[in-house]
Amino acid sequence: MSGDGRVLLARDGTFAALTPGRDVTGRRGTSPDGLFRRDARHLSRWRLTVDGAEPAVLVPARDGRLPAAAVLTPPGGRDEPAPYTVFREQAVASGVLVERLRLASNRPEPVTARLELLADADFADLFELRSDGRTYPRPADTAREARELPDGAEFTYRRGAQWCSRTAVRCDPPPAEVTEVTAEGRAKGADGRAGGRGASATGEVGAGAAGAGSAGGTPGTGPSEDVRAASAQRAAAAAAGTARRLAWTLMLPPHGTAELALRVEARPHGAPDVADAATPAQAAAELRAGTEAFTRPPVPACAPAPDTPDTRAPGASAPALSPAERAALARACAQGLVDLALLRVPATGPRAEALTVPGAGVPWFLTLFGRDSVLTSLFALPYRPALARDTLLALAATQGTRHDAFSAEQPGRIAHELRHGELAAFRQVPYGRYYGSVDVTPLFLVLLQAYADATGDTALAGRLEPQARAAVAWLLGDGGLAEHGWLVYTPDPGGLVNQNWKDSAGAICFADGSPAEGPVAVAEAQGYAYDALVRTARLARAVWSDAAYADRLDAVAADLRDRFHRDFWLPARDFPALALDGRGRRADALASDAGHLLWSGILDPERGRRTGRRLLADDFFSGWAVRTLAAGQVPYHPLSYHRGSCWPHDNAVIALGLARYGLAAEARTLARGLLATAEAHGWRLPEVLAGYARSDHPAPVPYPHACSPQAWAAATPLALLTAVSGGGGT
């Protein structure tokens, strides 16, 4: 269950976010509910009533139970208890939500039960459901429709002749009535019927200027007159009658039972067919079978890659954990593997082979995300190497081949994210296949060599040699190493302003809070580039038999490391700068990015160890985790997304870096704080938490907009296991 009480079900890129009673309310904002597939909401209303009233929830649904189950009753009291009980089970499969309602009579005489289910599908794109108030106009020929089926109802969304998505609700037994209702839930028409079986209703959606939002359209607009107009359009569309109320009258014999089976099929435009699962029990059994091996306790399937020889301190040893700490780490790893199993999504490789990769997180990012998927795969590499293999192939298949300013595509560049929704397809947002990331391309190279080193499987590195060379060419060319001396990015006004992992506006700043202006060279990206060059040189020698190419990459890496110490180091603060701005000025805010420099090995041993110890000082370390920005600085804010919050994955990278530089005590301190954070969240680490110190509040303070579950947070305990077992780097 999420922090706001939602129940989350996920499988194969389909997920449902439900209330504790298992309903869908049409919620938007920070935690929308519904049934989602391929970036669209295929069920926006799913509300069960019994005997004309909302049922009482005796037992809410809970995480970890398959199928998910709740116990409900009609309204009742001590003197007149409920006449029957509803046992509600639900599960998801690929493109499907399946539900079983079993009604059990509590009385010795026959009982009549009246069940009604309010259903609707608004087909909203995930980008429309966010809390930022943006709107995206639609052409005049966009419409939502609903029609009655022999066994339920079907909802359809069309955008001209180019786009058609459907949601079908199928019921056994079929509903006795299917009624058209208004947005307020009232029946339409004098007799309350929608016009009988086969009737349909159509509502025009987003009737902006004809042709608006076609290919090459502009991104959504912020709160303005358009927001009010879009709200009116949505209200008009809802009032047009796409919601349907399905009703049954069920006769229960004395102390007898009756059942109702429901199946919701989400069929987005261009999506593969849906799964065959007919019942929650069947879907749950298939899910267990598909995840059993993946969720076994994490025993290394391959050896961690060796550390760079000159970074570990003489005599450094792995930090010992107490029995209680080892037990806590085991529980966090177990929950992390369960979440990673559910967050896996289908993808396609260079030869059209079917792959399974870690999606970034629910609700906003259940898709292939370059940076998130690579780091998740690196954290899990010693224990689940198949994730790394499939991630590499999926990213190789989508590697840039041309220059496109709208999507930031460049030859050799690795994709930042892939989207399949309507707004991406019509280029109203640039994220269909978006490349605005400065760091995923070097991280792709790091993962490729780490996979070969850890598994001994060099065939993949041989197969992906062309893609690896193209990635290196991007580092040296469009990435900026040759022209600027650094890996740089220029803010993308139509996409991401910052293109490192701290991608929110203002995250890359000076100590006075002023933002760095591009071309920006963030510190950790230089570390990734250094590591990528060193590792690719190893592949060139050992796998590709190209010593001359390897020598060239080693020379570029050595020069980059030397210049980094000269240009990024802040002598007065004895700490690395966060970035260099377009004028070469050091962005002198003290930030957690410095820990990534330990992980990549770009810092010399002495500077690295001083940096690692500094990250565990009180202004950085909250007692739960290392803050993204040290407290006490002008731009620090404990509830800022990247200027004072704490990210578990950021801390996982830091922990691996501490281990790499032999800082065993510091790694253990950090692991202890993260494990306490995990325990406070039911062993599921959130994407991000507030930066308040442990002395401020006895429990971690949640960040209000965090994704949960989230892949690289789920993989963080695996990285901690590697770090405290003596493995640095990857």
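Rings of Phe, Tyr and Trp (for Trp, its six-membered ring) pair when their centres lie within 6.5 Å; planes under 30 degrees apart are stacked, over 60 edge-to-face, and the rest tilted. With that in hand, look at Trp501, Tyr641, Trp647, Tyr703 and Trp712: they form one aromatic cluster.

A word on the source. This is a predicted model, where local features need pLDDT of at least 70 and side-chain atom pairs count only at pLDDT 80 or more, while totals for chains, interfaces and linings use all residues. Residues are numbered from 1 along each chain as its sequence is written, and side-chain values use heavy atoms, with hydrogens and water left out.

Back to the rings. The structure holds 14 aromatic pairs. One of them joins Tyr528 and Trp599, edge-to-face, 5.9 Å centre to centre with 85° between the planes. This pair links distant parts of the chain: Tyr528 sits in helix H12 (residues 523-542), Trp599 in helix H14 (residues 593-600), 71 residues apart. Helices here are DSSP runs (H or I, at least four residues), strands are too (E, at least two), and both are numbered from the N terminus. Tyr528 and Trp599 are both buried. Buried means under 20% relative accessible area, exposed over 50%, partly exposed in between, with a 1.4 Å probe and protein chains only.

Next pair: Phe564 and Phe568. These rings are stacked, 4.4 Å centre to centre, 15° between the planes. Why are they about one helical turn apart? Because they are four residues apart in helix H13 (residues 547-568). Phe564 is buried at 2% relative accessible area, and Phe568 is buried at 0%.

Now charges over rings. The rule: NZ of Lys or CZ of Arg within 6 Å of the ring centre and within 35 degrees of the ring normal. Arg102 lies over the face of Phe87, 4.5 Å from the ring centre. Arg159 lies over the face of Phe426, at 3.9 Å.

One lysine deserves a stop. Lys502 is in the loop between helix H11 (481-484) and strand S23 (521-522). Is Lys502 buried or exposed? Lys502 counts as buried, because its relative accessibility is 1%. Its side chain makes a polar contact of 3.2 Å with that of Ser592. Such a contact is a pair of N or O atoms within 3.5 Å; within protein, one must be able to donate a hydrogen and the other to accept it, and residues adjacent in sequence count only if both atoms are side-chain atoms.

On a 1 Å grid over the protein atoms alone, a cavity is a set of points where a 1.4 Å probe fits but cannot get out; a pocket is an open set with protein on both sides within 12 Å along at least five of seven lines; lining residues have an atom within 4 Å of a point. Points are joined across faces, edges and corners, and a volume is the space filled by probe spheres set on the points.

The largest pocket has a volume of about 1,200 Å³. It is lined by 39 residues, with Arg130, Asp132, Phe365, Leu496 and Tyr641 nearest its centre. The second largest pocket has about 830 Å³. Of its 43 lining residues, Arg38, Pro346, Thr367, Leu418 and His420 are the closest to its centre.

What about the largest cavity? Its volume is about 80 Å³. Its lining includes Arg38 and His420.
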